[in-house]
Amino acid sequence: MIGGNEIQSLVDLLQERHVTLYHACQLIDFDSYLALGGIPSRALLESRQAQFTAFDTDDIDFKNKVWDKVFVNLSDFGRGFAQGANSVPNPYGPVLFEMNPMALIEAADVAVCLWSAGAKGFNRETEALDTVEDIDRLFMHPSNFGVPQSTYVKFRNHLKQEFGMQKAQDPEISCTVPIGVFSTQYVNLVRVDPYIVNGQHLRYWTQTIKRKYEMNFPIYERSEYKESRRNFYNEIADRIGENIPTLQTLANDTTCSEPLRGWAGQISNLEWQFQRYANYLHNGTLKPMRANMVADR
(Lines give C-alpha, C1' and ligand atoms only; values in the text may rest on other atoms or scores of the structure.)
Protein backbone atom coordinates (compact mmCIF):
# COMPACT_ATOMS: atom_id res chain seq x y z
CA MET A 1 0.00 0.00 0.00
CA ILE A 2 1.28 3.46 -0.89
CA GLY A 3 0.48 6.31 1.49
CA GLY A 4 1.81 9.54 2.92
CA ASN A 5 4.79 11.08 1.15
CA GLU A 6 5.17 7.94 -0.99
CA ILE A 7 2.10 9.00 -2.99
CA GLN A 8 4.06 11.96 -4.34
CA SER A 9 6.92 9.59 -5.21
CA LEU A 10 4.45 7.41 -7.11
CA VAL A 11 3.10 10.43 -8.96
CA ASP A 12 6.66 11.46 -9.83
CA LEU A 13 7.36 7.99 -11.23
CA LEU A 14 4.21 7.97 -13.36
CA GLN A 15 4.84 11.47 -14.65
CA GLU A 16 8.45 10.64 -15.47
CA ARG A 17 7.11 7.74 -17.53
CA HIS A 18 4.37 9.97 -19.06
CA VAL A 19 1.76 7.47 -17.86
CA THR A 20 -1.94 8.26 -18.22
CA LEU A 21 -4.52 6.98 -15.74
CA TYR A 22 -7.69 5.52 -17.28
CA HIS A 23 -11.24 5.02 -16.08
CA ALA A 24 -14.02 3.68 -18.31
CA CYS A 25 -17.75 4.04 -17.69
CA GLN A 26 -21.16 3.82 -19.32
CA LEU A 27 -23.16 6.84 -20.49
CA ILE A 28 -25.52 7.10 -17.50
CA ASP A 29 -22.50 6.89 -15.19
CA PHE A 30 -20.79 9.68 -17.15
CA ASP A 31 -23.77 11.95 -16.43
CA SER A 32 -23.63 11.11 -12.72
CA TYR A 33 -19.85 11.54 -12.60
CA LEU A 34 -20.02 15.07 -13.96
CA ALA A 35 -22.85 15.93 -11.58
CA LEU A 36 -20.55 14.88 -8.73
CA GLY A 37 -17.55 16.70 -10.18
CA GLY A 38 -15.29 13.82 -11.15
CA ILE A 39 -14.52 10.09 -10.95
CA PRO A 40 -16.38 8.86 -7.85
CA SER A 41 -16.50 5.76 -5.73
CA ARG A 42 -19.60 3.63 -6.06
CA ALA A 43 -20.32 4.37 -2.40
CA LEU A 44 -20.56 8.07 -3.23
CA LEU A 45 -22.81 7.38 -6.22
CA GLU A 46 -25.07 5.32 -3.99
CA SER A 47 -25.14 7.83 -1.13
CA ARG A 48 -26.04 10.67 -3.53
CA GLN A 49 -28.73 8.49 -5.16
CA ALA A 50 -27.04 9.00 -8.53
CA GLN A 51 -27.66 6.62 -11.41
CA PHE A 52 -24.96 4.07 -12.16
CA THR A 53 -24.70 0.81 -14.06
CA ALA A 54 -25.03 -2.26 -11.84
CA PHE A 55 -22.06 -4.64 -12.09
CA ASP A 56 -21.99 -8.37 -11.47
CA THR A 57 -19.27 -7.76 -8.89
CA ASP A 58 -21.08 -5.12 -6.82
CA ASP A 59 -21.89 -7.48 -3.94
CA ILE A 60 -18.32 -8.82 -3.92
CA ASP A 61 -16.89 -5.29 -3.97
CA PHE A 62 -18.90 -4.53 -0.87
CA LYS A 63 -17.74 -7.71 0.87
CA ASN A 64 -14.13 -7.01 -0.18
CA LYS A 65 -14.37 -3.54 1.37
CA VAL A 66 -13.64 -1.66 -1.84
CA TRP A 67 -17.11 -0.19 -2.41
CA ASP A 68 -15.82 3.17 -1.16
CA LYS A 69 -12.69 3.17 -3.33
CA VAL A 70 -12.05 5.13 -6.54
CA PHE A 71 -10.60 2.95 -9.31
CA VAL A 72 -8.24 3.80 -12.15
CA ASN A 73 -6.04 1.74 -14.47
CA LEU A 74 -2.65 2.00 -16.13
CA SER A 75 -3.93 0.82 -19.54
CA ASP A 76 -6.75 1.53 -21.97
CA PHE A 77 -8.59 -1.80 -21.91
CA GLY A 78 -10.53 -0.91 -25.07
CA ARG A 79 -7.46 -0.49 -27.27
CA GLY A 80 -6.86 -4.19 -27.86
CA PHE A 81 -10.28 -4.80 -29.39
CA ALA A 82 -10.06 -1.66 -31.52
CA GLN A 83 -6.71 -2.75 -32.94
CA GLY A 84 -7.75 -6.29 -33.78
CA ALA A 85 -7.08 -8.39 -30.68
CA ASN A 86 -9.25 -11.42 -29.89
CA SER A 87 -11.03 -9.66 -27.03
CA VAL A 88 -14.23 -7.78 -26.29
CA PRO A 89 -14.55 -3.99 -25.99
CA ASN A 90 -13.96 -2.61 -22.51
CA PRO A 91 -16.79 -4.14 -20.41
CA TYR A 92 -16.85 -1.16 -18.06
CA GLY A 93 -17.95 1.19 -20.79
CA PRO A 94 -17.37 3.03 -24.05
CA VAL A 95 -16.64 6.36 -22.33
CA LEU A 96 -12.98 6.56 -21.31
CA PHE A 97 -11.51 9.20 -19.01
CA GLU A 98 -7.79 9.86 -19.48
CA MET A 99 -6.34 11.51 -16.39
CA ASN A 100 -3.13 13.10 -15.12
CA PRO A 101 -1.50 11.00 -12.37
CA MET A 102 -1.56 14.14 -10.20
CA ALA A 103 -5.09 13.01 -9.30
CA LEU A 104 -3.51 10.53 -6.90
CA ILE A 105 -2.42 13.40 -4.67
CA GLU A 106 -6.06 13.60 -3.53
CA ALA A 107 -5.88 10.03 -2.18
CA ALA A 108 -5.16 9.02 1.40
CA ASP A 109 -3.77 5.70 0.14
CA VAL A 110 -3.19 4.00 -3.20
CA ALA A 111 -3.32 0.23 -3.67
CA VAL A 112 -1.79 -1.10 -6.91
CA CYS A 113 -2.83 -4.75 -7.14
CA LEU A 114 -2.14 -7.49 -9.66
CA TRP A 115 -5.64 -8.86 -9.77
CA SER A 116 -9.17 -7.56 -9.61
CA ALA A 117 -10.77 -6.26 -6.44
CA GLY A 118 -13.97 -7.88 -7.73
CA ALA A 119 -12.54 -11.38 -7.28
CA LYS A 120 -13.71 -13.59 -4.44
CA GLY A 121 -11.16 -13.68 -1.63
CA PHE A 122 -9.48 -10.41 -2.64
CA ASN A 123 -7.84 -8.56 0.26
CA ARG A 124 -6.74 -5.04 -0.61
CA GLU A 125 -4.35 -4.73 2.32
CA THR A 126 -2.36 -7.87 1.51
CA GLU A 127 -2.60 -7.70 -2.31
CA ALA A 128 -1.26 -4.16 -2.74
CA LEU A 129 2.32 -3.72 -3.91
CA ASP A 130 4.42 -2.35 -1.06
CA THR A 131 6.76 0.12 -2.74
CA VAL A 132 7.05 2.55 -5.62
CA GLU A 133 9.99 0.43 -6.83
CA ASP A 134 7.67 -2.58 -7.09
CA ILE A 135 5.21 -0.51 -9.12
CA ASP A 136 8.03 0.48 -11.46
CA ARG A 137 8.52 -3.26 -12.13
CA LEU A 138 5.07 -3.38 -13.76
CA PHE A 139 6.42 -1.68 -16.88
CA MET A 140 8.08 -3.35 -19.84
CA HIS A 141 10.84 -0.81 -20.40
CA PRO A 142 12.90 1.69 -18.39
CA SER A 143 11.53 5.21 -18.27
CA ASN A 144 14.37 6.52 -20.45
CA PHE A 145 12.99 4.57 -23.44
CA GLY A 146 10.58 7.46 -23.91
CA VAL A 147 6.93 7.57 -24.94
CA PRO A 148 5.10 5.35 -25.69
CA GLN A 149 7.46 2.52 -24.64
CA SER A 150 7.86 3.95 -21.14
CA THR A 151 4.10 3.55 -20.55
CA TYR A 152 3.73 -0.09 -21.64
CA VAL A 153 2.63 -2.45 -18.88
CA LYS A 154 3.94 -6.01 -18.94
CA PHE A 155 1.69 -8.78 -20.25
CA ARG A 156 0.10 -11.15 -17.77
CA ASN A 157 2.58 -13.97 -18.31
CA HIS A 158 5.48 -11.58 -17.69
CA LEU A 159 3.81 -10.22 -14.53
CA LYS A 160 3.37 -13.76 -13.25
CA GLN A 161 7.09 -14.38 -13.74
CA GLU A 162 8.17 -10.98 -12.38
CA PHE A 163 6.16 -11.21 -9.17
CA GLY A 164 5.90 -15.00 -8.79
CA MET A 165 2.11 -14.76 -8.71
CA GLN A 166 0.11 -17.13 -10.89
CA LYS A 167 -3.11 -15.18 -10.40
CA ALA A 168 -1.53 -11.95 -11.72
CA GLN A 169 -3.65 -10.20 -14.36
CA ASP A 170 -3.88 -6.58 -15.45
CA PRO A 171 -2.82 -4.19 -12.67
CA GLU A 172 -5.67 -2.32 -10.99
CA ILE A 173 -5.44 0.79 -8.81
CA SER A 174 -7.89 1.45 -5.99
CA CYS A 175 -7.71 4.62 -3.92
CA THR A 176 -9.14 5.85 -0.67
CA VAL A 177 -10.16 9.42 -1.50
CA PRO A 178 -11.47 11.38 1.51
CA ILE A 179 -14.06 13.28 -0.54
CA GLY A 180 -14.93 10.16 -2.56
CA VAL A 181 -14.11 11.57 -5.99
CA PHE A 182 -11.13 12.48 -8.20
CA SER A 183 -11.83 15.96 -9.50
CA THR A 184 -12.39 16.61 -13.20
CA GLN A 185 -9.52 19.13 -13.01
CA TYR A 186 -7.22 16.13 -13.57
CA VAL A 187 -9.07 14.92 -16.69
CA ASN A 188 -6.97 15.47 -19.82
CA LEU A 189 -9.65 14.25 -22.21
CA VAL A 190 -12.48 11.79 -22.70
CA ARG A 191 -12.41 9.26 -25.55
CA VAL A 192 -15.58 7.48 -26.69
CA ASP A 193 -16.25 4.45 -28.86
CA PRO A 194 -18.10 5.06 -32.16
CA TYR A 195 -21.60 3.82 -31.30
CA ILE A 196 -24.50 5.36 -33.22
CA VAL A 197 -28.09 5.03 -31.97
CA ASN A 198 -31.12 6.68 -33.58
CA GLY A 199 -28.76 8.53 -35.90
CA GLN A 200 -26.81 10.13 -33.05
CA HIS A 201 -23.22 9.35 -32.17
CA LEU A 202 -22.28 8.54 -28.58
CA ARG A 203 -19.91 11.52 -28.80
CA TYR A 204 -22.96 13.78 -29.31
CA TRP A 205 -24.50 12.53 -26.07
CA THR A 206 -21.31 12.95 -24.07
CA GLN A 207 -20.78 16.44 -25.50
CA THR A 208 -24.35 17.37 -24.54
CA ILE A 209 -23.83 16.16 -20.99
CA LYS A 210 -20.48 17.96 -20.78
CA ARG A 211 -22.13 21.24 -21.78
CA LYS A 212 -24.86 20.73 -19.19
CA TYR A 213 -22.24 20.66 -16.45
CA GLU A 214 -20.00 23.30 -18.08
CA MET A 215 -16.91 21.10 -18.20
CA ASN A 216 -13.87 22.12 -20.25
CA PHE A 217 -12.07 18.89 -21.14
CA PRO A 218 -12.20 17.81 -24.80
CA ILE A 219 -14.09 14.74 -26.00
CA TYR A 220 -12.81 12.71 -28.95
CA GLU A 221 -14.04 9.62 -30.73
CA ARG A 222 -11.63 6.70 -30.70
CA SER A 223 -9.75 6.88 -33.98
CA GLU A 224 -7.13 4.11 -34.09
CA TYR A 225 -8.73 0.94 -35.47
CA LYS A 226 -7.75 -2.12 -37.38
CA GLU A 227 -9.63 -2.25 -40.68
CA SER A 228 -13.24 -3.44 -40.13
CA ARG A 229 -13.17 -3.13 -36.34
CA ARG A 230 -14.83 0.29 -36.39
CA ASN A 231 -17.96 -1.26 -37.89
CA PHE A 232 -18.05 -4.02 -35.28
CA TYR A 233 -19.29 -1.71 -32.54
CA ASN A 234 -22.60 -0.94 -34.20
CA GLU A 235 -23.00 -4.40 -35.68
CA ILE A 236 -22.82 -5.76 -32.15
CA ALA A 237 -24.94 -2.96 -30.64
CA ASP A 238 -27.72 -3.51 -33.20
CA ARG A 239 -28.08 -7.07 -31.89
CA ILE A 240 -28.02 -6.22 -28.18
CA GLY A 241 -31.37 -5.71 -26.50
CA GLU A 242 -33.23 -7.16 -23.55
CA ASN A 243 -32.07 -10.56 -24.82
CA ILE A 244 -28.29 -10.73 -25.19
CA PRO A 245 -27.11 -12.99 -28.04
CA THR A 246 -24.39 -15.54 -27.42
CA LEU A 247 -21.14 -15.50 -29.33
CA GLN A 248 -22.22 -18.70 -31.06
CA THR A 249 -25.40 -16.94 -32.21
CA LEU A 250 -23.32 -14.12 -33.69
CA ALA A 251 -20.90 -16.56 -35.30
CA ASN A 252 -23.81 -18.28 -37.07
CA ASP A 253 -25.79 -15.14 -37.93
CA THR A 254 -25.61 -14.68 -41.69
CA THR A 255 -26.87 -11.08 -41.33
CA CYS A 256 -23.58 -10.25 -39.60
CA SER A 257 -20.53 -9.36 -41.64
CA GLU A 258 -18.05 -12.15 -42.26
CA PRO A 259 -15.34 -10.45 -40.14
CA LEU A 260 -17.72 -10.15 -37.19
CA ARG A 261 -18.78 -13.79 -37.46
CA GLY A 262 -15.11 -14.78 -37.55
CA TRP A 263 -14.34 -12.69 -34.47
CA ALA A 264 -17.26 -14.20 -32.54
CA GLY A 265 -16.07 -17.70 -33.39
CA GLN A 266 -12.47 -16.96 -32.43
CA ILE A 267 -13.36 -15.69 -28.94
CA SER A 268 -15.89 -18.39 -28.06
CA ASN A 269 -13.92 -19.05 -24.86
CA LEU A 270 -14.72 -15.49 -23.69
CA GLU A 271 -18.50 -15.95 -23.53
CA TRP A 272 -18.72 -14.72 -19.92
CA GLN A 273 -16.76 -11.58 -20.79
CA PHE A 274 -18.95 -10.92 -23.80
CA GLN A 275 -22.14 -11.36 -21.78
CA ARG A 276 -20.86 -8.95 -19.13
CA TYR A 277 -19.81 -6.40 -21.76
CA ALA A 278 -23.13 -6.64 -23.62
CA ASN A 279 -25.27 -6.48 -20.49
CA TYR A 280 -23.48 -3.45 -19.08
CA LEU A 281 -23.52 -1.70 -22.48
CA HIS A 282 -27.25 -2.34 -22.93
CA ASN A 283 -28.25 -1.08 -19.49
CA GLY A 284 -25.79 1.79 -19.15
CA THR A 285 -25.48 3.20 -22.67
CA LEU A 286 -27.66 1.74 -25.43
CA LYS A 287 -30.95 1.68 -23.52
CA PRO A 288 -30.77 5.34 -22.43
CA MET A 289 -29.59 6.42 -25.90
CA ARG A 290 -32.49 4.60 -27.52
CA ALA A 291 -34.96 6.23 -25.14
CA ASN A 292 -33.33 9.69 -25.29
CA MET A 293 -33.07 9.42 -21.50
CA VAL A 294 -29.75 11.00 -20.73
CA ALA A 295 -29.02 14.47 -22.01
CA ASP A 296 -32.28 16.11 -20.95
CA ARG A 297 -32.39 14.82 -17.38
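This is a predicted model: local features need pLDDT of at least 70, side-chain atom pairs count only at pLDDT 80 or more; totals for chains, interfaces and linings use all residues.
Let's begin with strand β9, which covers residues 187-192. Strand β9 pairs with strand β5, residues 95-99, in the antiparallel sense, and 5 bridges join the two. To find this pairing on your screen, look for Leu96, whose bridge partner in β9 is Arg191. Strand β9 also pairs with strand β12, residues 219-221, this time in the parallel sense and over 3 bridges. Here a handy landmark is Val190, which stands opposite Ile219 in β12.

Next, move to strand β8, made up of residues 181-183, where you will find Ser183. Is Ser183 buried or exposed? Its relative accessible area is 19%, and the cut-off for buried is under 20%, so Ser183 counts as buried. Setting aside residues up to four places away in sequence, Ser183 touches Gly37, Gly38, Met99 and Glu106. Of these contacts, Met99 brings us back to strand β5, which spans residues 95-99.

Our last stop is Leu202, in helix α9, which runs over residues 202-212. With a relative accessible area of 0%, Leu202 is buried. Which residues does Leu202 contact, leaving aside its neighbours within four places in sequence? They are Leu27, Pro94, Val95, Val192, Asp193, Tyr195, Thr285 and Met289. Among them are Val95 and Val192, which belong to the paired strands β5 (residues 95-99) and β9 (residues 187-192).

How values were computed:
Residues are numbered from 1 along each chain as its sequence is written. Side-chain values use heavy atoms; hydrogens and water are left out. Helices (H or I, at least four residues) and strands (E, at least two) are DSSP runs, numbered from the N terminus. Buried means under 20% relative accessible area, exposed over 50%, partly exposed in between (1.4 Å probe, protein chains only). Contact means heavy atoms within 4.5 Å. Two strands pair if DSSP finds at least two bridges between them.
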